[in-house]
Amino acid sequence: MTAENTLIAEAGYTPVESPESSPEALIERLASAGRIAQRTLARMDSPAKAHALHRAAQALREAEPDVLAANALDMAAGAARGLTGAMLDRLRLDSGRLAGIADAVDAVADLPDPVGDVIDRAERPNGLQLSRVRVPIGLIGIIYESRPNVTADAAALCVRAGNAVLLRGGSEAIHSNRAILNALVKGLVEGGVPADAVQLMPTQDRAAVGAMLRATGLIDMIVPRGGKSLVARVQADARVPVLAHLDGICHTYVHAAADPEMARIVALNAKMRRTGICGAMETLLIDAAFPAAQDIVGDLLGAGCELRGDSRAQALNPAILPATDEDWDTEYLDAVLSVAVVDGLDAALDHIARHSSGHTDAIVTADNAVAERFLGEVDSAIVMVNASSQFADGGEFGLGAEIGIATGRIHARGPVALEGLTTYKWQVRGNGQTRP
């Protein structure tokens, strides 16, 4: 047994390489085990689930040496493969980041449990009493790329909402994901959660992803977290319902009435705090009547950001490169930003409508009427006024953590946390009624 699996083996659970002859057989085995575990998990009350998650968070802290050693292997492999600086930043763990991951698990444990909540009640004229009650979705498959924190966030959120989960992380983070899973499952098992409630795919074979997407009747929902190509493949091939997270082409519009100092601070943070996250600003729209446009672009250039702009943006600073049509539809996830100068609110709204991915869009303005129009007319999952788009995060929304930012319009939208991982059922109580 490898050192990576020591902790999990102590809990009586050892993941093994698949003996199955096909990806479909592998998924059937894992999903069947997960569905059995989910029935047990669904019977656990809220305090029991919370206790198990607190044990998992503590186990993750105790496993810090193992997790960081595993992450060092991934970082070395990523550097050798030529991953970009932004990708390596998404992958990298240190003591502070790992502590934050464990804290997020604790935070999820302390959130109100949505399972069992009565959404609404009604009584029919014949005396039938109807209730809509929140229940777990069942077994959720999550396919993600290079961020190892997703392993912990997804596991914690699914368990808290009474769901089992089958995780398929990217090859970039394979060692980190396994070490995190080992610690989490050790703590969960100590807390009474069946080990198979949280499983990590034991292979990086892409054919296994295809088998997940076709696992109708075994997996209840697929959540893709990653780049455009991953999400496009999932949406094209899935026979299982998909909760989509599209790319984050996030805009910030600096209105003519924006406070110049606020606009400078918000724009710089929205792009440069962390360039590799989905809430990072990718396009800056500056109103032609805004008086401090040169200051904003100067701040961004001074921070090391490459700017690509239209002709009017280029006139603000000779260091701004010409933008192509493709730039307005690109999620850079790097220190690169598209910049356009627009003639008023309507022009900004038109640009966002054409190019936004529906993730997060923001305005900086001191005009309340303009702000309300922007909030009402921008059709994105998250719309902000006078705030950095980097706040597009479940933790920042008080949700503890998130499974992703859903950009669709059905079931869940925006940061998907506990409520988004439940569905509902109708409960009908009668006293002998029959239908005439």
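What follows is a short tour of helix pairs, backbone angles and a surface patch in this predicted model.

Let's start with the helices. Find helix H3, residues 46-62, and helix H7, residues 149-160: their axes come within 9 Å and cross at roughly 165°. Angles over 145 degrees count as roughly antiparallel, so H3 is roughly antiparallel to H7. As for handedness, the crossing of these two is right-handed. If you want to see who is doing the touching, H3 brings Ser46, Lys49, Ala50, Leu53 and Leu60 to the contact, while H7 brings Ala152, Ala156, Val159 and Arg160.

Now move on to another pair, helix H4 (residues 64-81) and helix H8 (residues 174-190). Here the axes are 7 Å apart, and the packing angle is about 165°. How do H4 and H8 run relative to each other, roughly parallel or roughly antiparallel? With that angle, they are roughly antiparallel. H4 passes H8 in a right-handed crossing. On the H4 side, look for Asp66, Val67, Ala70, Asn71, Leu73 and Asp74; they meet Ile174, His175, Ser176, Ala179 and Ile180 of H8.

Next, the backbone. You'll find Leu333 in the loop between strand E10 (321-322) and strand E11 (336-342). Asn386 is another non-glycine residue with a positive phi, near 55°. Asn386 belongs to the loop that links strand E13 (382-385) and strand E14 (405-406).

Last stop, the surface. Which residues form the nonpolar patch there? They are Ile119, Tyr424, Trp426 and Val428, and together they have about 400 Å² of accessible area. Strand E16, residues 422-429, gives the most to this patch, with three residues. Val428 has its place in that strand, E16.

Key. Residues are numbered from 1 along each chain as its sequence is written. This is a predicted model: local features need pLDDT of at least 70, side-chain atom pairs count only at pLDDT 80 or more; totals for chains, interfaces and linings use all residues. Side-chain values use heavy atoms; hydrogens and water are left out. Patches are made of residues with over 30% relative accessible area and no salt bridge: like charges are joined within 9 Å, nonpolar side chains (Val, Leu, Ile, Met, Phe, Trp, Tyr) within 5 Å. Accessible areas come from the Shrake-Rupley method with a 1.4 Å probe; for residues, only the protein chains shown count as cover. A salt bridge is a side-chain nitrogen of Lys or Arg within 4 Å of a carboxyl oxygen of Asp or Glu. Helices (H or I, at least four residues) and strands (E, at least two) are DSSP runs, numbered from the N terminus. Axes are lines fitted to C-alpha atoms, for helices over the stretch in contact, and angles run from 0 to 180 degrees between N-to-C directions. Angles under 35 degrees count as roughly parallel, over 145 as roughly antiparallel, 65 to 115 as roughly perpendicular and the rest as oblique. A crossing is left-handed if the near helix is turned anticlockwise from the far one by less than a right angle, and right-handed if clockwise. Contact means heavy atoms within 4.5 Å.
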